[in-house]
Amino acid sequence: MIIKTLVSALLTTSVLGSFAAAQEVTLTIESWRNDDLTIWQDKLIPAFEAANPGIKVVFAPTAPAQYNSALNAKLEGGTAGDLITCRPFDGSLTLYDAGNLVDLKDLDAMDNFGDVARSGWSTDDGAATFCVPMASVIHGFIYNKEAFEEVGVEVPATVDDFFAVLDAFKADGNYIPLSMGTADQWEAATMGYANIGPNYWKGEEGRNALIAGTTKLTDPEWVAPFAQLARWGQYLGDGYEAQSYPDSQNLFTLGRAAIYPAGSWELSGFNAQADFDMGAFYPPVPNAGDECYISDHVDIAMGLNAASPNAAQAKVFLEWVGSEEFANLYANSLPGFFSLSNFDVKMEDPLAQEIVDWRKGCKSSIRPFHQILSRGTPGLATEYWQTSVNAIRSVQTPEEAAGQLQDALASWYEPQQ
Amino acid sequence: MEKRKTRWHIVVFLAPAVLVYSALMIFPLFGTLQLSFFDKIDQQQVFVGLDNFRTLFFNARWFDSFWNALKNNTWFFVVHMLVQNPVGVMLAAILSSKVVWFSAFFRTAFFIPTILSFVIVGFAWKLILSPIWGIAPDLLDLVGLKSLFLPYLGLEGTALTTLALISVWQFVGIPMMLIYASLLSIPEEVLEAAECDGITGFAAFWKIKLPLIWPSIGIISILTFVGNFNSFDLIYTTQGGLAGPNYSTDVLGSLLYRTFFGFQTQIGDINMGATLSVVMFGIILAGVSFYLFAIQSRMRRYQF
Amino acid sequence: MNKVKHNPLNILAVHAILVIYTVIALFPVVVIILNSFKTRKAIFREPLALPNADSFSLAGYETVLKQGDYFGYFQNSMIVTVVSLFFILLFGAMAAFALSEYRFKGNTLMGLYLAIGIMIPIRLGTVSILQIMVASGLVNTLTALILVYTASGLPLAIFILSEFMRQVSADLKDAGRIDGLSEYRIFFFLVLPLVRPALATVAVFNMIPIWNDLWFPLILASGEETKTLTLGSQVFIGQFVTDWNAVLSGLSMAILPVMLLYIIFSKQLIRGITSGAVK
């Protein structure tokens, strides 16, 4: 109690203090994107500071593995930065419910975003939106164009084509057909299951049916992706069980693998490291002529720490994050992170432009389990890491993997009981 | 009042340690541990008695995770006891013998893994054991044993033991140093007397030195126990928060960390985390009490 | 001294064991340092080869050094580690002496109380600790780190030191008392020199987790002026980092100072061990 009082006393004095010295204010951004440090330091922050004298901005990232725990501790202790980078859905919703984030619905910049973009950072009833959407990421496959020419294969349109291409590379023997490992687990889920799945469960349609409780995870459209993953196993490199995420990236950029199951965020790194031409294709559809669905996941946003003593200036910054200038700057500094705004953002990176144009031909969908379905324990968004790996390694049959997910969900989610 | 006056020097000796320790360790830790009797309902911590413990032990999911972690942890500890401590004692015994040249060099070299951070250790061994960049496969190939190579860290059957051995590699310096220090403090006269009786070399180690260093081996065992049942860093940095494959490397520490602080999309559950740590505390306390009351008090100490 | 004859074969075998174990102990460290000086392609093509004119590269170090004031980080790490160690050893030895030397009511209980800290990871108390530091205005100071590390290092120090202090001859202390020495003098001038090996050991044990800790610097002192070396170099060791040049260089830069520190300390340490032991 004494400590609480002291803390609030201290906070009050610092609030007063900052008003007294309203000359120069420094805003601190909490983020897990330590890879983007130089881009913030060299491009984004200078652009903002030039237009807004009197406000300094510091980008203070934490390694992704520690971000959530460190942020929570700092929020409780009252030392978190003014601006909080928001993970989508419940990760940030919990912070809002706990009073750590502020409703930002009245920001002018919010009008620049559609409902889908805002859905990742709104309450279930949509009454409050607490983070300004920054970017989404799209899944698909990145491939080595030179390898495709060498082996004489074309970009696959259907699942059968896809496996024909993989077989061709396997027969050729010079390239590892698919560059992915299961050591870190999450790639199997996000770049595997969530990547190829929407074609089977028809994107948002299937996802919403699952939330409503009208379909089960043991239904064919949710088992089929596991069945496809089970076939992937034989096309991965030797010892893929211990292959880590950076291993996979390096295998591909060093030209030793043909196809990389990807998230679009890889582009900036790959552009810098690969010395061959790259192309990309969206997940092949089960049957020729099927409508295609892509995973276009709302991924990153920014909110205001409710305890920030510099709320007014922070809001100025957030308005800027929602502006067209930021949308252009961010999307072009970090090709593969696509703006969620309504602005027509042109990208200089041709491959990034190609990927974002998939939105025109295919239906977008977010990752299946991130909204609502990971709210209880065990959450599906964690559980499907394990089952996707097990499917690839054939430790579980596709039906068993799907069954485990259904059991996990039914153990706490009423519409599925 | 019939007793003698307060011995103030005891208070003076104890006060600084007790004050700092109580304020910054005991107080915060118990602040957390008491949360095991609460649950968060509508943003409020509500007292729920032993409900969380009931969940941990009688909810099949929780208990399975807990039991799996406890089993893995026990194996992790057994590997340390069987490999780390004997190797540590052996290295210390060799280093303390007078026939060794450059013993300062060897001593320093053996201790270097211990001073490295978990991040470095995890990264280095992942690189060496990587099936792709192939340091380990190539080395095995050199001695004609390439067929023995497996993606050790990626298979349920081998991952935990591999990690335990990496941890042994890292920490063998600690038993080595402790034993080395206590071997050096054996008085020359004792050994000379033994020499006169014709007890030298191996025999001297078994018959004279080993009995004298039992108390130190006792400390090492209990430190290993406490360290192993608290460890999570190595597993967290090499296998990630889910302690894969299939939770086969999950130990109590990694389960606790994942529960308490959350993991990716899974939100941290402070109350269940606190519950787990109370149980872990109980396990470790039981082990330490066993050592303090059953072993240490019976151990004969030699004063020189 | 060498009255006893040693079988040369035994000596050879002993040295063979030592050399083999040295290779095992140092190999991973050598691999990291070696590769930090190579180009990215060379790292993956021949991870065991020495850097040559073709594959030599300092690109990783350039990236790392651009990221921050490494000398400043190093200084912070040094201050935190050395000052914490000083308090751990001083307070720890005093408490250990009280526990091992005097019979008083609640001695065992006090011993157990002071041992609780080695049974629960201090990280669980993070939020309360942070609140205490905020309340006392110590956030983003090295003092905060020193206090936390002192508190968390004490239990182990007391545990080990009291075990060693029990082995100190009672006759010696009684002789001191008969000569009229105060309890404080007995502690500082008779007992402390005798347990130097244990002090050195405790110092080394505590130095490692303090130097390598990432968590409390992150929570309590993540400001640029108070960053420690480990925290400063963690920028390169995230989940999404593929720039292995930078990672390996960052790791090497984190290894080298602590290794030098240990090698310097280890001479003192061994001198302490040997001079304290021959009594």
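How many residues does the contact take from chain B and from chain A? The views below begin with that contact. The model is predicted: local features need pLDDT of at least 70 and side-chain atom pairs count only at pLDDT 80 or more, while totals for chains, interfaces and linings use all residues. Residues are numbered from 1 along each chain as its sequence is written, and chains are lettered from A in the order in which they are written.

**View 1. Contact of chain B with chain A.** The contact takes 26 residues from chain B and 34 residues from chain A; two residues are in contact if their C-beta atoms, placed from the backbone, lie within 7 Å. On the chain B side, α5, β3 (262-263) and β4 (266-267) each supply at least two residues. Helices (H or I, at least four residues) and strands (E, at least two) are DSSP runs, numbered from the N terminus. The chain B side divides into 12 nonpolar, 11 polar and three charged residues. Here Ala, Val, Leu, Ile, Met, Phe, Trp, Tyr, Cys and Pro count as nonpolar, Asp, Glu, Lys and Arg as charged, and the others, Gly among them, as polar.

**View 2. Contact of chain B with chain C.** In this contact, 62 residues of chain B meet 75 residues of chain C. Elements of chain B that give two or more residues include α1 (8-33), α3 (60-96) and α10 (201-230). The most come from α1(B), with 16 residues. The side of chain B that touches chain C holds 48 nonpolar, 11 polar and three charged residues.

**View 3. A95(C) in the largest nonpolar core.** A nonpolar core is a set of buried Ala, Val, Leu, Ile, Met, Phe, Trp, Tyr and Cys residues joined through C-beta atoms within 7 Å. A residue is buried if 20 or more other C-beta atoms lie within 10 Å of its own, exposed if 12 or fewer, and partly exposed in between. Among the 297 residues of the largest core, A95(C) and L161(C) touch the most other members. Helix α7 (residues 142-165) of chain C gives this core its largest share, 17 residues. Leaving aside residues up to four places away in sequence, A95(C) touches F13(B), L14(B), A17(B), L114(C) and I158(C).

**View 4. L261(C) in helix α13 (residues 244-277) of chain C.** L261(C) counts as partly exposed because it has 17 C-beta neighbours inside 10 Å. Its C-alpha atom is separated by 9.4 Å from that of M78(C), 183 residues apart along the chain.
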